[in-house]
Amino acid sequence: FCKNPNGKDYLGQVWPNETAFPDFTLPETQEWWAEHVAQFVGNTIDGIWIDMNDPSTGKVEPEDMCFQNGTVPHHYCHNQYANEMAKATLRGIELARPHDRSFILTRSACTEIQKYAAVWTGDNVSRWEHLAMSIPQTLNFGLSGVAFNGPDVGGFMRNTTEQLMTRWYQAGFAFPFFRNHSSFFATAQEPYLFSEKALVSMRAAMNMRYKWLPYLYNLFYEHTITGAPILRPLFYHFDDSEFYSVNDQFLVGSSILQAPVVTQQNTRDITLPAGKWFDYNAKQWIEGGVTFSVDVPLDATPIYMRDGSIVPMLNGHAFHAQESHDFRNVEFHIYIDNAQTADYTYYEDDGATKAYEQGVYNLYTIHVARAANNTYSVRVETQHNGYDEGAQSVEVILNDAQSLSIVTL
């Protein structure tokens with residue numbers, strides 16, 4: 001355990017009162033922790049949430065915590081503490097379940113945490129300012145290489161309101177990490193505790209997340225290949241100084257622009273980059289390169305699809321049952337207006353194991369082209385075929401300038 005300057009075990013004041021802190025800078029501590037985690041996880045636990053690892057010491061001076069058997073001052077290892085804890089935790093999960101992927105969630109982190117854990121952005125407050133703040137927080141994390149992150153939806157401390165809770169669901173449903181979480185001392189904030197109207201709106205946001213799962217999953221795949229974040233600021237794909245300070249809108253990958261309401265007003269200004277955009281709610285194309293104001297009732301959130309995009313989605317509209325999360329029936333929504341072509345690389349695997357490392361995955365490229373007579377050709381090419389349980393039927397849904405048509409391949 002970490003020592004104090006007198007060479008005795010350092011004791012902080014955390015939830016169990018007096019608390020000793022494993023010294024994760026020591027290899028023997030890493031292995032000791034991993035063995036306990038492996039025993040704890042067994043075959044029944046899918047993931048572990050590690051907390052208070054800032055390290056949080058309560059009213060006790062953190063600078064008195066020393067590392068390497070008391071020989072290294074606290075400030076040398078403070079920032080690395082959570083990373084080393086996550087690394088040891090990952091080692092334990094891999095000991096117990098070597099063929100499965102791990103899930104670890106951590107409160108604290110520094111550079112390279114993305115190798116071991118997802119991060120949530122800490123103990124926020126049920127305030128509109130914290131809803132608005134969650135967007136640039138997540139964007140900055142993503143730009144720094146930590147793609148898998150997100151806030152406590154609704155706020156952790158204090159009491160949320162129905163309007164704030166609804167808007168937070170609508171803003172956060174496409175965040176890489178998405179959960180409703182609150183303090184024991186706050187009013188309970190499960191969606192069913194609010195009015196039927198609010199419940200319907202929050203349920204719609206959650207269903208949208210499930211419908212977009214193939215797209216979100218492919219963004220995680222893209223991240224592993226290129227390092228690109230899941231959520232991206234507008235300037236990531238549109239190099240214009242006017243977007244440098246836009247921090248209440250964001251791109252989900254390169255194809256979807258989300259502009260949630262993050263104030264108590266049911267109106268907001270929206271800045272669309274140049275080009276054509278498909279209004280996901282109004283089901284119509286609009287011209288970009290403008291800033292405009294829209295009314296946004298509590299049951300809606302502004303979403304726009306970029307011209308020339310292909311977005312894979314789950315089939316259906318309600319996903320409350322496990323069997324509805326079936327990636328074998330995938331829809332490819334093609335948004336094309338002024339663009340003459342659209343291209344997409346689609347990846348699929350079993351979503352749970354490490355079998356993909358042995359080639360158990362599929363990789364396809366999809367190419368859509370407009371012909372001279374305003375018809376379209378859709379070509380799907382197999383780049384890698386190693387996963388037999390992949391898509392069995394595919395619907396191509398074309399949202400062009402004139403119509404919406406469906407083709408089953």
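In strand 18, Phe 332 is the bridge partner of Pro 312. This comes from a predicted model.

**Strands 17 and 18**

Strand 17 runs antiparallel to strand 18 (residues 329-335), and six bridges join the two. Strand 17 covers residues 309-314 and is mostly covered: six of its six residues are buried. Ser 309, Val 311 and Met 313 point one way from the strand. Ile 310, Pro 312 and Leu 314 point the other way. Residues on both sides are buried.

Nine bridges pair strand 20 (residues 362-370) with strand 21 in the antiparallel sense. Within that pairing, Ala 369 has Ser 377 of strand 21 as its bridge partner.

A second open sheet has six strands in the order 9-10-11-16-13-14, and its pairing is antiparallel. Its edges are strand 9 (231-232) and strand 14 (284-287), each pairing on one side only. Strand 13 (residues 276-279) runs antiparallel to strand 14, with four bridges between them. Asp 279 stands opposite Gln 284 in strand 14.

Lys 283 sits in the loop between strand 13 and strand 14. Its phi is near 60 degrees, a positive value in a residue other than glycine. Lys 283 also lies over the face of Tyr 280, at 4.2 Å from the ring centre.

**Strands 1 and 2**

Strand 1 (residues 11-14) and strand 2 (residues 17-20) run antiparallel and are joined by four bridges. A hairpin of two residues connects strand 1 to strand 2. Leu 11 has Ala 20 in strand 2 as its bridge partner.

**Nonpolar cores**

The largest nonpolar core has 53 residues. Trp 212, Val 252 and Met 305 have the most contacts inside it. Helix 4 (residues 162-172) gives the largest share of this core, five residues. Another core lies apart from it, with 26 residues, among them Tyr 10, Phe 21, Leu 90 and Ile 104.

What does Met 305 touch, leaving aside its neighbours within four places in sequence? Its contacts include Trp 212, Ser 255, Ile 256 and Lys 276. Trp 277, Phe 278, Tyr 280 and Trp 285 are also among them.

**Aromatic pairs and charges over rings**

The model has 23 aromatic pairs. In one of them, the rings of Phe 67 and Tyr 81 have their planes at 45 degrees, so the pair is tilted. The ring centres of Phe 67 and Tyr 81 are 6.2 Å apart. This pair links distant parts of the chain, 14 residues apart. Phe 67 is in the loop between strand 3 (48-50) and helix 2 (81-96), whereas Tyr 81 is in helix 2. Are these two residues buried or exposed? Both Phe 67 and Tyr 81 are buried. Ring pairs also link them into a cluster with Phe 1, Phe 24, Trp 32 and Trp 33.

| Charged residue | Ring | Distance from ring centre |
|---|---|---|
| Arg 179 | Trp 120 | 4.9 Å |
| Lys 283 | Tyr 280 | 4.2 Å |

Most residues other than glycine have a negative phi, and most peptide bonds are trans. The loop between strand 3 and helix 2 holds Pro 55. The peptide bond from Asp 54 to Pro 55 is cis, with omega near -5 degrees. Gln 68 is placed in the loop between strand 3 and helix 2. Phi of Gln 68 is near 55 degrees, a positive value in a residue other than glycine. Gln 68 counts as partly exposed because its relative accessibility is 30%.

Notes: Residues numbered from 1 in each chain as written. Predicted model: local features only at pLDDT ≥ 70, side-chain atom pairs only at ≥ 80, totals over all residues. Heavy atoms only, no water. Pairing = 2+ DSSP bridges. Phe/Tyr/Trp six-rings, centres within 6.5 Å; stacked < 30°, edge-to-face > 60°. Buried < 20%, exposed > 50% of the residue type's maximum accessible area, 1.4 Å probe, protein only. Lys NZ or Arg CZ within 6 Å of the ring centre and 35° of its normal. Core = buried A, V, L, I, M, F, W, Y, C linked by side-chain atoms within 4.5 Å. Contact = heavy atoms within 4.5 Å.
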